[in-house]
Amino acid sequence: MASPNPMVGAVVLAGGRVVGEGWHEGPGTPHAEVRALEAAGERARGATLYVTLEPCSHWGRTPPCAPRVAAAGIARLVAGTLDPNPIVDGAGVKHLREAGLSVEVGELETDARELIAGFARHVRTGLPFVTLKMAGSLDGKVAARDGSSRWITGAPARRDAHLLRAASDAIVVGAGTVAADNPSLGVRLEGYRGRQPLRVILDAAGRLPGPPDAEGPHGPTVMAGGPFLPPPTRDAWERSGAEVLVMDETDEDGMLSLPALMAALGKRAIQNVLIEGGPTVAGSAIGSGIVDRFVLYVAPKLIGGREAPGILGGRGVPSVGDALPVEIVRVERWGDDIKVVADVHRDR
């Protein structure tokens, strides 16, 4: 992840061949265009530069890219999308057109916008883009009546779920999930060299004695507790190295306010949040209106039973007419399992 900057890639094409490529690795490092131009050298003159996002036109941690692109002798620029940052938002394209470059915007725009969805949400609203991930059986159960849930899905689907973690700045789970599964909440992918996401554990009443102790890589931990969090519990978490975030806002069921939590994470430059909590947290997330995307892994298994928990807990909607509409973006096959990705429709 490059946050708080967007994920951007660039390719220089000359004579039908790739002569330079680059990508942005994070704050303070050269932008994708600069890396690609440096790799191309003199071959950039008269070439075409393909880039995810329009080149920036302002000073930040590094100099603006648009003047650098023009000075390199690039003849044509093809950008996936305009920069959603109000400071830029077309200014980079304008600079390049005035410099005499041929500029096209909108190539693979849907893919480009998806790549920078977290950046776009955060730079415009200060809030993160929220993905709710669940895994269940074909009949919508996340566990059997004895509480067992490992492993509903197969290894290929679980590996893909780790790719979701790798694309996230923070992972949010509830105390129930931690108590039941003791998850490390880290990215476990062979050869992974990126940073580990922040672990955010919801524990309003302080029922957990401390963070998960499962072996495996993981990022720093934040415990979000309620206004009546017992001082001994807070001390125990802090002694473990975790940060304790005491939140005063709760919903009508006494659960922590997820909108307030997202606002707090946004202030920390968290752009992409992955919620992996159980049915209770999932139901609260949907009900509070914070979810942008829903990812469901469906296993070809039938569990059944009234006591087996379903994918979404909480109160739910009173009638079918009140159901939250979603748009299925894509359906994929991962081993024996099906992955469904849906965008949540809401006015935000």
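Is Thr52 buried or exposed? I began with this residue, working throughout on a predicted model.

**Entry 1: Thr52**

I found Thr52 in strand S3. Its relative accessible area is 15%, and buried means under 20%, so Thr52 counts as buried. I then listed what Thr52 touches, leaving out residues up to four places away in sequence: Met7, Val8, Gly9, Ala79, Gly80, Thr81, Ala112 and Leu115. I also checked one of these partners by distance. Thr52 and Leu115 are 63 residues apart in sequence, yet their C-alpha atoms are 8.6 Å apart in space.

**Entry 2: strand S3 and its partners**

I next looked at the whole of strand S3, residues 48–53. Five of its six residues are buried, and I noted the strand as mostly covered. Which strands pair with S3? Strand S1 (residues 9–14) runs antiparallel to S3 and is joined to it by four bridges. Strand S4 (residues 76–81) pairs with S3 in the parallel sense, over five bridges. Val11 has Tyr50 as its bridge partner in S3, and Tyr50 stands opposite Val78 in S4.

**Entry 3: helix H1**

I went on to helix H1, residues 32–40, and wrote down its buried residues: Ala32, Glu33, Val34, Ala36, Leu37 and Ala40. I noted that Glu33 is among the buried ones. What covers the buried residues of H1? The cover includes S1, strand S2 (17–23), S3 and helix H2 (66–71). After H1 comes Gly41, with a positive phi near 60 degrees.

**Entry 4: nonpolar cores**

I looked up the largest nonpolar core and found 33 residues in it. Val200, Leu202, Leu261, Val273 and Ile275 have the most contacts inside this core. At least two core residues come from each of strands S6 (129–137), S7 (170–174), S8 (198–202), S9 (221–225), S11 (272–275) and S12 (293–299), and likewise from each of helices H9 (258–266) and H10 (279–288). H9 gives the largest share of this core, five residues.

I took Val200 as an example and left aside its neighbours within four places in sequence. Val200 is in contact with Ala170, Ile171, Val172, Val173, Val222, Leu261 and Leu265.

**Entry 5: cysteines**

How many disulfides are there? I counted zero. Cys56 is in no disulfide, and the nearest cysteine sulfur to its own belongs to Cys65, 3.7 Å away. I checked the accessibility of both residues. Cys56 has 7% relative accessibility and counts as buried; Cys65, at 1%, also counts as buried.

**Entry 6: aromatic rings**

I searched for aromatic pairs and the count came to zero. I did record a charge over a ring: Arg158 lies over the face of Trp151, at 4.3 Å from the ring centre.

Terms used: Residues are numbered from 1 along each chain as its sequence is written. This is a predicted model: local features need pLDDT of at least 70, side-chain atom pairs count only at pLDDT 80 or more; totals for chains, interfaces and linings use all residues. Side-chain values use heavy atoms; hydrogens and water are left out. Rings of Phe, Tyr and Trp (its six-membered ring) pair if their centres lie within 6.5 Å; planes under 30 degrees apart count as stacked, over 60 as edge-to-face and the rest as tilted. A charge sits over a ring if NZ of Lys or CZ of Arg is within 6 Å of the ring centre and within 35 degrees of the ring normal. A disulfide is a pair of cysteine sulfur atoms within 2.5 Å. Buried means under 20% relative accessible area, exposed over 50%, partly exposed in between (1.4 Å probe, protein chains only). A nonpolar core is a set of buried Ala, Val, Leu, Ile, Met, Phe, Trp, Tyr and Cys residues joined through side-chain atoms within 4.5 Å. Contact means heavy atoms within 4.5 Å. Two strands pair if DSSP finds at least two bridges between them.
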